[in-house]
Each structure stands twice: as structure tokens, then as C-alpha cells.
Amino acid sequence: MCIRDRYMDCLMNGDYTAYDVIIVDEAQDLMLNEYLDAIDLTLVKGLDKGNWHFFTDRNQNIYGAKSVSAEQRLKRIGYAEYNLTNNCRNALRVAVQTSIVSGITVPLSGIAEGGESRVVFYKDKTELLKDLEAEIRNLINSGLKLSDFIILSTRTLDNSSVCGLDRIASFEIHDLTENTQPSKPALDFCTMHSFKGLERKAVLAIDVANISEESNSILLYSGLSRARSYLTIFLGESEHDNFEHNAG
């Protein structure tokens with residue numbers, strides 16, 4: 001039984017406390033009637049008359065959770081809608097580079113100037129690991145702490161370009177998806193999927209491929225836009241033409 005089903009069982013059995021207000025971030029992931037049913041039962045006066053706030057970003061709907069009937073249900077209930085336009089996370093160069101690689105326009109209204117972003121092309125895995133290690137040392141030498149940056153991949157650690165490595169640049173690799181705590185400061189790794197909604201000062205993006213394919217746009221947008229001030233994207237040389245096309 002999945003977590004959602006167990007939760008619904010608790011609701012149906014009355015083993016819960018209803019809430020006066022429910023605030024849902026990343027609500028685009030919950031646009032299915034099954035989730036709305038759970039929220040409806042959890043909220044005092046339900047969705048129809050209760051107090052709820054949903055924050056969504058359609059450009060980060062990487063799980064594809066979208067139901068026409070669920071959206072129509074909310075529209076029938078009626079709600080006030082307000083579009084947030086200011087970019088409060090990314091520095092300018094990070095936003096521009098994210099737009100180029102993902103193909104999705106990142107809002108620039110209210111954005112902070114500056115930041116650093118670059119693309120590193122590599123010919124094979126050996127060169128990638130060498131460049132990745134150099135970039136990590138560069139970030140450390142520039143004054144960043146290990147906790148300030150993260151390696152984000154489109155793949156799980158076991159299937160990533162750093163699979164089989166215990167350390168990079170002498171730092172232990174810590175997979176955030178394992179929910180364990182390293183014994184000493186470590187180099188964080190996570191999939192772009194699991195890091196959605198979070199952020200770091202710097203992001204090192206690996207296993208980025210097929211950037212010309214629209215089906216990859218949302219995931220790349222979500223992953224690359226996690227960087228606040230520093231973004232380094234590692235691309236295989238086969239992606240050079242696609243990158244130049246996007247940048248043009």
C-alpha cells in the first residue's frame with residue numbers, strides 16, 4: 001500500500017486532526033483527484049469552503065501529475081489567482097544559462113545581477129571526472145563550503161557518471177536520497193527529480209544530454225534553476241551543436 005493510500009485510510013477511519021488552513025507548495029505534482037480528495041478530507045470545511053493556498057509552477061511538473069478533471073474541480077470551486085513574476089532565486093547569469101540549456105524561459109523580472117555560469121564540454125568520462133574535480137576545487141578555493149554546493153544528475157547515483165566512486169577531489173560522496181548523515185563534511189549528490197523545490201548557492205550539473213529534445217526541458221529547467229549564484233553544466237561534446245543552436 002502506497003503512502004497516499006495509507007493516509008486515506010487514516011482519514012476515512014477518523015484518525016486525524018483537520019486543519020484550518022492548508023498551504024501546498026509544488027502543487028503541480030498533486031493535480032490528481034486522488035490527492036485533492038485527501039486534502040479535502042484534511043481541511044476544515046473541505047476544499048469547497050475551506051481556506052487553502054496552492055503554489056504551482058507548470059514548468060516544474062516533472063512527474064506529469066495533471067488531471068483535467070482535477071483542474072476543473074478546483075475551477076468549479078472558484079479561487080483567486082495571482083501570478084508571481086519576480087525571480088527571487090537565481091542570479092542573472094544562472095537564469096540565462098538555464099534558459100539556454102533547458103529551452104524554457106526563466107523569468108528575469110526582479111532578478112539579481114551577476115552570478116557565474118559556464119558550460120564545460122568533455123570528450124569522455126575520464127575528462128569529465130577530471131573537469132568535475134577541478135571545478136569542485138575551484139569552488140572551495142573561491143571560499144564556498146561543501147554545504148554551499150551540490151552535484152545534480154539526471155540519473156540516480158548508481159547510474160550516473162560518478163557511479164563507483166567513493167570520493168571526488170578527496171571528498172566523500174553523500175547521496176541525499178539515502179536519508180543518511182555522513183560522519184564528516186561530504187560532497188552532496190542528488191537527482192534533479194529529488195532536489196526539486198530545493199536550492200544551493202552552486203550547482204554542478206552532470207549527465208545532461210539530449211538538450212534539444214523537448215521531453216527533457218522540464219527536468220533540466222527544474223534541476224538547473226536550483227542554483228542561486230553559481231552554475232556549471234557538464235556537456236558531452238556531442239551536445240555542442242545543440243547548445244550553440246539554443247544559444248543562437
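Predicted model: local features only at pLDDT ≥ 70, side-chain atom pairs only at ≥ 80, totals over all residues.
Student: How many helices and strands does the protein chain have?

Tutor: The protein chain has 8 helices and 9 strands, where helices (H or I, at least four residues) and strands (E, at least two) are DSSP runs numbered from the N terminus. Its C-alpha atoms fill a box of roughly 60 × 45 × 30 Å, taken along the principal axes.

Student: And what share of the residues counts as buried?

Tutor: Of the 248 residues in the protein chain, 41% count as buried; buried means under 20% relative accessible area, exposed means over 50%, and partly exposed is in between, with a 1.4 Å probe and protein chains only.

Student: Switching to helices, how do α5 and α7 cross?

Tutor: The axes of helix α5 (residues 92–102) and helix α7 (residues 217–224) come within 9 Å and cross at roughly 160 degrees. Axes are lines fitted to C-alpha atoms, for helices over the stretch in contact, and angles run from 0 to 180 degrees between N-to-C directions. That angle makes α5 roughly antiparallel to α7, since angles under 35 degrees count as roughly parallel, over 145 as roughly antiparallel, 65 to 115 as roughly perpendicular and the rest as oblique.

Student: Which residues make that contact?

Tutor: On α5 they are V94, T98, V101 and S102, and on α7 they are S217, L220, Y221 and L224. By class, the contact of α5 with α7 has 5 nonpolar, 3 polar and no charged residues, where Ala, Val, Leu, Ile, Met, Phe, Trp, Tyr, Cys and Pro count as nonpolar, Asp, Glu, Lys and Arg as charged, and the others, Gly among them, as polar.

Student: Is α7 mostly covered or mostly open, then?

Tutor: Helix α7 is mostly covered, with 7 of its 8 residues buried, and what covers those buried residues includes α5, β4 (149–153), β8 (200–208) and β9 (227–236).

Student: How do α5 and α8 cross?

Tutor: The axes of α5 and α8 come within 8 Å and cross at roughly 120 degrees, and the two helices are therefore oblique to each other. The contact is made by Q97, I100 and V101 of α5 together with F243, N246 and A247 of α8, and these residues divide into 4 nonpolar, 2 polar and no charged.

Student: OK, rings now: how many aromatic pairs are there?

Tutor: The count comes to 3 aromatic pairs; rings of Phe, Tyr and Trp (its six-membered ring) pair if their centres lie within 6.5 Å, and planes under 30 degrees apart count as stacked, over 60 as edge-to-face and the rest as tilted. F121 and F243 form an edge-to-face pair, 5.8 Å centre to centre with 75 degrees between the planes. F121 lies in strand β3 (residues 116–122) and F243 in helix α8 (residues 240–247), so the pair ties together parts that are 122 residues apart in sequence.

Student: Where is E135, and what is it in contact with?

Tutor: E135 is in helix α6 (residues 125–141), and at 5% relative accessibility E135 counts as buried. Leaving aside its neighbours within four places in sequence, E135 is in contact with R118, L204, T232 and F234.

Student: Last one, what about N210, where does it lie?

Tutor: N210 lies in the loop between β8 and α7 and is partly exposed, with a relative accessible area of 37%. Not counting residues up to four places away in sequence, N210 touches N216 and E239.

Methods:
Residues numbered from 1 in each chain as written. Heavy atoms only, no water. Contact = heavy atoms within 4.5 Å.
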